Amino acid sequence: MTIQRLVVFGGTGDLTGRYLLPALAALREAGHIDDRFSLTGASREDWDGARYREWASAQLDRHGADIPTDARRAVVASTDYRRADVTDPAEVGAVVAGDDPVAVYLALPPSLFPATVTALHEAGLPPSSRIVLEKPFGEDLAGAQELNRLLADLLPERAVFRVDHFLAMTTVQNVLGSRLANRVLEPIWNSIHIAEVDIVWDETLALEGRAGYYDHVGALKDMVQNHLLQLLCLVAMEPPLTLGERDLRDRKVDVLRSVRYMTDDDVRRRTRRARYSAGRCNGHEVPAYIEEDGVDARRRTETFAEVELELDNWRWAGTRFRLRSGKALGRDRKEVAVRFRRVPHLPFGQDADVQPNVLRFGLEPESLSLDVTVTGSRTETLTQLSLTAGMDPADLPAYGRLLLDVLNGDPALSIRSDEAEEAWRVLEPVLSAWEQELVPLEEYSAGSEGPPPRPAAPGRRDDLLHRDAVLPADS
Ligand code: NDP
């Protein structure tokens, strides 16, 4: 059933202005929503409908300028505003009340999710309603379990959308398309042929005034625990029977369950955390993270996190998966890079320079490329080429696709309750060891490559693997 009524708690926030309103305008332009659709924004601001429409219109001018004016105006016209504190069941109830089902979007600081779900439960939702929660889902495993319990009291699991907009990006979808629709890839998509996978979201952007959120969260919980683990799932999952919600989500959970538990010693050797000191990024002076407005240095929040994981399953034992994200770095590098093992024998001269093949899924900008080695202009010389394809622009922005799924009731791209908990289980040992200061908090200059890399830790199972007897170890 399609829902026509969307309520956004946190309707005056950055997410709403930057992503949700433009996504709705894109849905309107593509004909997915029409005059029957209505949006209610809610927050503690003492605004009325006219004031909210003015704000929404300005946000669309700023963040959705590429969307035709008619579609933007139609979305603004469908919009109303209610003042409500999400911790007050009576105020929450007044916003969601009505006969028609409602999709309730929590575009709120994550610390408010439990109180809001409790207030919605007390207030009651119209039958067949749905709820959408932004990331991060909970602040740790216990928090995610508690939130799941509250949600289970509120609505059936199929009506709960724990969204991660990375899953709706075309290039992320393309990880599955490339793997599963090409005869040449799936047979070599395993640890016999793949040495390492880097899942990287390095950005030149620094804090950009978001200390109120970021300083309580840090790079590990902001990026690695959700977006990057979701990418890991798509890269490493077994081929699902279909892309329906059950098959897809079952296979993703299998990946998370297979991540080897990290001991304190593993965390020391396989993770890094750091925060930036003053420097220059993109031609601008950037102050040290701890000097940014709203940052409390005592929290020791990391702006760079790297975690190396191993999967204990038949397909992946022996491949390293490195998940990494940092702010205020020297260059944007946002990609999944799949590095293949070297060929077992080269009939070229001893000096032949051969690099491993790397298949790269560019996340921003979206692209697909393959690094290959070919014969150079002189016999017996080799040279490296990168074959790169740009991707067609997506028909909908990622948030547009997510909202459409919510309105249509398809949870395939949202995260199931067990999946949300498994994702925390994977990182609990890291969070705990970091909290105990078992891993130093390094520093890197803004605009640099990040903290210097450490030598790779040996894989614990490498010695057991037959393939290492026949293939050169190359990590
Ligand atoms: P903001 O701080 O910009 O917005 C928070 C919103 O919540 C405001 O509208 C605020 O309005 C409202 N709010 C806060 N407290 C209450 C309350 N007690 N009752 C009612 N409303 C309240 O945060 P963002 O928009 O950046 O983030 C929202 C969520 O989206 C977070 O979970 C974040 O992780 C996620 N997200 C954000 C992204 C982004 O780029 N911004 C990207 C991906 C995810 P007021 O204070 O006036 O009540």
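This report looks at salt bridges in a predicted model.

## Basis

The model is predicted: local features need pLDDT of at least 70, side-chain atom pairs count only at pLDDT 80 or more, and totals for chains, interfaces and linings use all residues. Residues are numbered from 1 along each chain as its sequence is written, and side-chain values use heavy atoms, with hydrogens and water left out.

## Salt bridges overall

Side chains of opposite charge can pair when their charged atoms come close. Here a salt bridge means a side-chain nitrogen of Lys or Arg within 4 Å of a carboxyl oxygen of Asp or Glu. The count by this rule is 48 salt bridges.

## Asp34 and Arg36

Asp34 pairs with Arg36 in a salt bridge, at 2.8 Å from N to O. Asp34 is partly exposed at 30%. Arg36 is exposed at 59%.

## A pair within helix α10

Arg251 and Asp254 form a salt bridge, 3.0 Å from N to O. Both residues belong to helix α10 (residues 245-258). They sit three residues apart, so about one helical turn separates them. Helices (H or I, at least four residues) and strands (E, at least two) are DSSP runs, numbered from the N terminus. Arg251 is partly exposed at 24%, and Asp254 is partly exposed at 33%.

## A pair between strands

Glu308 meets Arg320 in a salt bridge of 3.1 Å, N to O. Glu308 lies in strand β11 (residues 304-309) and Arg320 in strand β12 (residues 320-326), so the pair ties together parts twelve residues apart in sequence. Glu308 and Arg320 are both buried.

Definitions and conventions
Buried < 20%, exposed > 50% of the residue type's maximum accessible area, 1.4 Å probe, protein only.
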